[in-house]
Amino acid sequence: MSRTDTEATVRALLDGRGRTYAEEAGIRLKDTPQPLYELLVLALLLSARIRADTAVAAARALFAAGMRDARHMRDAGWQQRVDALGEGGYRRYDERTATQLGRAAELVLDAYGGDLRRMREKSGGDPERLRALLQEVPGIGPAGADIFLREAQGVWPELAPYLDDRTLDGAERLGLPTDREELAGLVGRMELPALAAALVRAALDRHVVDDVRETVTETQGGSG
């Protein structure tokens, strides 16, 4: 793929699918305790075998019910968490996930005083160490940790570029570079979370790839 085609593909991808999952869930991500905790909740929900839009809807329902920080999540109680998950359509895993959310809130409170910036400090700025610490949270496995880190790189710059295997799968489908540094170099640092989210969508949905290619073809004035 030529440099022009690569740039056109990236721009079409970002324009069409470059909204982070945090943005979809109504999280205004910044380096403060509440939005970072909200992102952790979203990562936990997204890591289940369930549609991303259902996970996002469930996160919104939990937040609307007041469960925006670890203390309120813990104190809400299991049934209220189940009810909010059900309202968001997260019914297949609602009871197990309600339990995980409660246990996760307890760990975040006990280990970090409800502030995930302390987890960041404990990691010493090492992305792999931080990934391991995230997986100590009930309900957060490797996939959930990757989801969190892909989005958090926008506010924790030492993580960038965080482009995991799922994002590289999306890049390969689109014909983009699969070298992490080269791929990251196609956008500004602040666009990396959006690029990562868009690449994940391309990895999960063939229609995203088709739409991007169609847009590039139209932009360039046809296939010939």
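1. Asp-211 is partly exposed in this predicted model, its relative accessible area being 35%. The partner of Asp-211 in a salt bridge is Arg-17, and the closest N and O atoms of the two lie 3.1 Å apart. Arg-17 belongs to helix H1 (residues 3-17) and Asp-211 to helix H14 (residues 206-219), so this contact ties together parts of the chain that are 194 residues apart in sequence. Arg-17 is itself partly exposed, with a relative accessible area of 29%. Since buried would require a value under 20% and exposed one over 50%, the 29% of Arg-17 and the 35% of Asp-211 both fall in the intermediate class.

2. Glu-158 and Arg-120 also meet through their side chains in a salt bridge, at 2.7 Å from N to O. With a relative accessibility of 28%, Glu-158 counts as partly exposed.

3. Arg-74 is partly exposed, at 31% relative accessible area. In total, the structure holds 15 salt bridges.

4. One cavity of 30 Å³ or more is present in the structure, and the volume of the largest cavity is about 40 Å³. Its lining consists of Tyr-37, Leu-40, Val-41, Leu-44, Leu-101, Ala-104, Val-137 and Ile-140.

5. Which helices each supply at least two residues of the lining of the largest cavity? They are helix H3 (33-46) and helix H7 (94-112). H3 gives the most to this lining, contributing four residues.

6. By class, the lining of the largest cavity comprises eight nonpolar residues, with no polar and no charged ones. Tyr-37, one of the lining residues, is counted as nonpolar under the classification used here.

How values were computed
Residues are numbered from 1 along each chain as its sequence is written. This is a predicted model: local features need pLDDT of at least 70, side-chain atom pairs count only at pLDDT 80 or more; totals for chains, interfaces and linings use all residues. Side-chain values use heavy atoms; hydrogens and water are left out. On a 1 Å grid over the protein atoms alone, a cavity is a set of points where a 1.4 Å probe fits but cannot get out, and a pocket is an open set with protein on both sides within 12 Å along at least five of seven lines; lining residues have an atom within 4 Å of a point. Grid points are joined across faces, edges and corners, and a volume is the space filled by probe spheres set on the points. A salt bridge is a side-chain nitrogen of Lys or Arg within 4 Å of a carboxyl oxygen of Asp or Glu. Buried means under 20% relative accessible area, exposed over 50%, partly exposed in between (1.4 Å probe, protein chains only).
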